[in-house]
Amino acid sequence: MTSRQIVSSGAAWEPVVGYSRAVRVGQWVSVAGTTAANPEGGAVGGEDIGEQTREALRRIIAALAEVGAGVEHVVRTRMFVTDISRWEEVGKAHGEVFADIRPAASMLEVSALIDPALLVEIEVDAIVE
């Protein structure tokens, strides 16, 4: 039987919704939608969508590390933004982390995220050989 590792972010939503920040089963790692939510309310980075993206990516990198993975193992990213006209700011921050790795990526506009202060949510999939 393949072991299953889970990572919790400690977010209040996790037990209510029933999810984990990241899950590793064998070589496969999935990181749940990650935002720059501030535990006291609002978002790290305020209304700066690029800074919110950087914070979400920092959290993703930390979750990957907890299950023995790194950004070099990422094969897919999905970025959900509340304003697609700001795609360049999000794309630039994404490129700061993934320019040399070049995972398959999608960026989609959504009508809203769980908190109106949140402007971007990112999820990733990785394979650790």
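How many bridges join strand β3 to β6, and in which sense do the two strands run? The close-up views below, all taken from a predicted model, take up this question and then turn to the neighbouring topics.

**View 1. Strand β3 beside strand β6.** Strand β3, which covers residues 28-34, is joined to β6 by five bridges, and the two strands run antiparallel.

**View 2. Strand β4 beside strand β6.** Strand β4 (residues 74-81) and strand β6 (residues 120-127) also run antiparallel, with seven bridges joining them. Among the residues to look for in this view are R78, which stands opposite E123 of β6, and F80, which stands opposite E121 of β6.

**View 3. Strand β4, helix α3 and strand β5.** Here β4 pairs with strand β5 (residues 104-109) in the parallel sense, over six bridges, and M79 stands opposite M107 in β5. Together with helix α3, which spans residues 87-98, β4 and β5 make a right-handed β-α-β unit.

**View 4. The two faces of strand β6.** In a regular strand the side chains alternate between the two faces of the sheet. On β6, the covered face carries V120, I122, V124 and A126, whereas E121, E123, D125 and I127 lie on the uncovered face.

Technical notes. Residues are numbered from 1 along each chain as its sequence is written. This is a predicted model: local features need pLDDT of at least 70, side-chain atom pairs count only at pLDDT 80 or more; totals for chains, interfaces and linings use all residues. Side-chain values use heavy atoms; hydrogens and water are left out. Two strands pair if DSSP finds at least two bridges between them. Helices (H or I, at least four residues) and strands (E, at least two) are DSSP runs, numbered from the N terminus. A crossover is right-handed if, with the strands pointing away from the viewer, the path from the first strand over the helix to the second runs clockwise. Buried means under 20% relative accessible area, exposed over 50%, partly exposed in between (1.4 Å probe, protein chains only).
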